[in-house]
Structure formats: C-alpha cells, structure tokens
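Please look over the sequence and the model shown here. A short report on its structural features is given below them.

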Amino acid sequence: MQFGRCYEEFEIGAIYKHWPGRTITEYDDTLFCMLTMNHHPLHIDANYAETTQFKQRLVVGPLIFSIVVGMTVEDVSGKAIANLEFENVKHLAPTFHGDTIYAVTTVLAKRPSNSNPDRGIVTVETVASNQRSEAVLSFKRSVLVPTLALDEAQRQAWDAKMQRAQRRVQRL
C-alpha cells in the first residue's frame, strides 16, 4: 500500500478520488468549535440556529477544510516535506451534522525545486462534495515532496536507525 507520492510519481492531470468519505457528527463540530474557541451560535446553539436561513446548525468551515486536507494525505502529501501554500479556499455550500464528505484531487502542475534538486513542488486542486454530490469546499495547495532518490535515502536511514534501536533492546 502506498502512502503519499514522490515527485516523479505525480502526473499532471491525474485525478485521485479519496476514500472513504467522512460523516461529520455533532460531536466533531462542537469539539472543534470548543478547541478553536469559535463560539459563534450558528455552530453551537441549536435554538439560535433555528432562527437562521438554514434552520439548523452549520458545521464550522475550518473543520471541513481540516478533514478534507486529512483525507488527501494518503494520495497527495503522505511523503511531503512541507505544505507550502493553500490558496483559493472556498466554502461553496453549507455542511450539516450527519453530512458525509468525499473529496477528489486533480494534479495541476509540478516543477523541480529551485533550491534543492532532491525534491519538487506539486500543485493540486481538491474539491469536496457531500453525499448529495453538492460541492461544499474547494482549494488549491502546493506541496514540497521528495524525489524517489531522496525518499529511498530517507527510508534507508530510518531502517538503519530502527536496526540500531533493536540491537540496543536485545542487549538489555
């Protein structure tokens, strides 16, 4: 099973359908609001929300963004050295408790790093939709990823470190 991609493994125009989806619960939303100190009543006060346009609480937007970014890690940034930029984050429609979010990412561009030849920059666009196929979020991001050669060197260094640790444990 692959977790993330190296620079050479990205192809412009490739499409990644992230699965499984994620159903957003009331608990997810309330906890995220409390952790981030977003106490807007539209997200945490059902009585207040009944008087608004949608007649119910809305899931706070940064939670949807965070979940969708997380959904893309396995396909896009699982080997990333850094997320360099997020741009054009657009909340396209509301998300409610009980909605299930799905995401699709398209590779838009890639180029070698100007400062480090053992890595490259990949730009992707992700669109998230709910179970009714309504787009709810979109954004672009640029990710710094290793080349295959750097990834192999890092893997070998990790393996050597783990072997040293195992030898230390065996000596105890």
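## Basis

This is a predicted model: local features need pLDDT of at least 70, side-chain atom pairs count only at pLDDT 80 or more, and totals for chains, interfaces and linings use all residues. Numbering starts from 1 along each chain as its sequence is written, and side-chain values use heavy atoms, with hydrogens and water left out.

Helices (H or I, at least four residues) and strands (E, at least two) are DSSP runs, numbered from the N terminus. Buried means under 20% relative accessible area, exposed means over 50%, and partly exposed lies in between (1.4 Å probe, protein chains only).

## Helix α1

Helix α1 spans residues 26-35. Its buried residues are D28, D29, F32 and C33. They lie on the same side of α1 because they cover an arc of only 125° around the axis. That arc is taken from the directions from the helix axis to the C-beta atoms. An α-helix has 3.6 residues a turn, so residues three or four places apart point the same way.

What covers this buried side? The cover includes β1 (15-23), α2 (41-44) and α4 (61-77). Y27 and L35 are exposed, on the face of α1 turned away from the buried side. M37 follows α1 and has a positive phi.

## Nonpolar cores

A nonpolar core is a set of buried Ala, Val, Leu, Ile, Met, Phe, Trp, Tyr and Cys residues joined through side-chain atoms within 4.5 Å. The largest one has 18 residues. Those with the most contacts inside it are I24, L63, I64, V68, I101, A128 and L137. The elements giving two or more residues to this core are α1, α4, β3 (100-112) and β5 (135-146). Helix α4 gives the most, with seven residues.

Contact means heavy atoms within 4.5 Å. Leaving aside neighbours within four places in sequence, L63 contacts I24, D28, D29 and F32. D28, D29 and F32 are among the buried residues of α1. A second, separate core has nine residues, including Y16, V76, V122 and V124.

## T72 in helix α4

T72 lies in helix α4. This threonine is buried, with a relative accessible area of 0%. A polar atom of the T72 side chain lies 2.7 Å from the backbone oxygen of V69. Which residues does T72 touch, not counting those up to four places away in sequence? They are H18, S77, T105, T126 and R141.

## Cysteines

How many disulfides are there, taking a disulfide as a pair of cysteine sulfur atoms within 2.5 Å? The count is zero. C6 is buried, with a relative accessible area of 0%. C33 is buried as well, and its relative accessible area is 0%.

## Backbone features

The peptide bond from W19 to P20 is cis, with omega near 5°. P20 has its place in strand β1.

M37 is a residue other than glycine, yet its phi is positive, near 60°. Its place is in the loop between α1 and α2. M37 is exposed, with a relative accessible area of 65%.

S133 is not a glycine either, and its phi is positive, about 65°. This serine is found in the loop between β4 (119-129) and β5. Is S133 buried or exposed? S133 is exposed, with a relative accessible area of 66%.

Terms used: A disulfide is a pair of cysteine sulfur atoms within 2.5 Å. A polar contact is a pair of N or O atoms within 3.5 Å; within protein, one must be able to donate a hydrogen and the other to accept it, and residues adjacent in sequence count only if both atoms are side-chain atoms.
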